[in-house]
Amino acid sequence: MTKSDLIASLSLKQIHLMQSDVELAVKLVLEQVGLALSLGERVEIRGFGSFALHSRPARIGRNPKSGASVHIPAKRVPHFKPGKEMRERVNKSIDSVTLKS
């Protein structure tokens, strides 16, 4: 599902809201999550999951084309951990698909 698909789906479910309002709400939520992560904060959405930063240390890698050693600097990468309710919902849907097959 893309951001556009999400906005369209939410607009259909919330018919009392204009699509532009739904689009703005989705945009603001995603911006806030990105801003919090850029400031090194953790974002937790109960029932959905949490976003945090993981640190990757500097290392020596290889250029796949030439085989030469390349220094890769340390970096911080965003990480998503699904919440318990999300995991259960996904596993339940997988189980129901497996039973139908």
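**Exercise 1. Find the residue in β2 that is the bridge partner of E44.**

Start with the strands, which are DSSP runs of E with at least two residues, while helices are runs of H or I with at least four, both numbered from the N terminus. Strand β1 covers residues 43–45 and strand β2 covers residues 49–56. Next, look across from E44: its partner in β2 is S50. The two strands run antiparallel and are joined by 3 bridges; for strands to count as paired, DSSP must find at least two bridges between them. Finally, check the turn: this hairpin has 3 residues between the strands, and G47 there takes a positive phi near 85°.

A quick note before you go on: this is a predicted model, where local features need pLDDT of at least 70 and side-chain atom pairs count only at pLDDT 80 or more, while totals for chains, interfaces and linings use all residues. Residues are numbered from 1 along each chain as its sequence is written, and side-chain values use heavy atoms, with hydrogens and water left out.

**Exercise 2. Work out how β2 pairs with β5, and what stands opposite L53.**

Strand β5 spans residues 75–82, and it pairs with β2 in the antiparallel sense over 8 bridges. Now go to L53 and look over to β5: you'll land on P78.

**Exercise 3. Describe the hairpin of β3 and β4.**

First locate β3 at residues 59–62 and β4 at residues 69–72; they pair antiparallel over 4 bridges. Then pick out a facing pair: I60 stands opposite H71 in β4.

**Exercise 4. List the members of the largest nonpolar core and say which element gives the most.**

A nonpolar core is a set of buried Ala, Val, Leu, Ile, Met, Phe, Trp, Tyr and Cys residues joined through side-chain atoms within 4.5 Å. Here the largest one has 5 residues: V33, A36, L37, V43 and F51. Helix α2 gives the most, with 3 residues. Now zoom in on V33: leaving aside neighbours within four places in sequence, V33 is in contact (heavy atoms within 4.5 Å) with V43 and F51.

**Exercise 5. Decide what lines the largest pocket.**

On a 1 Å grid over the protein atoms alone, a pocket is an open set of points with protein on both sides within 12 Å along at least five of seven lines, unlike a cavity, where a 1.4 Å probe fits but cannot get out; lining residues have an atom within 4 Å of a point. The lining is M1, T2, K3, L6, V26, V29, L30, V33, I45, F48 and F51. Two elements give two or more residues each, α1 (3–13) and α2 (19–38), and the largest share, 4 residues, comes from α2.

**Exercise 6. Are S11, M86 and N91 buried or partly exposed?**

S11, in helix α1, is buried because its value is 13%. Beyond its neighbours within four places in sequence, S11 is in contact with Q19 and V22. N91 lies in α3, residues 84–100, and at 44% N91 counts as partly exposed.

Notes: Buried < 20%, exposed > 50% of the residue type's maximum accessible area, 1.4 Å probe, protein only.
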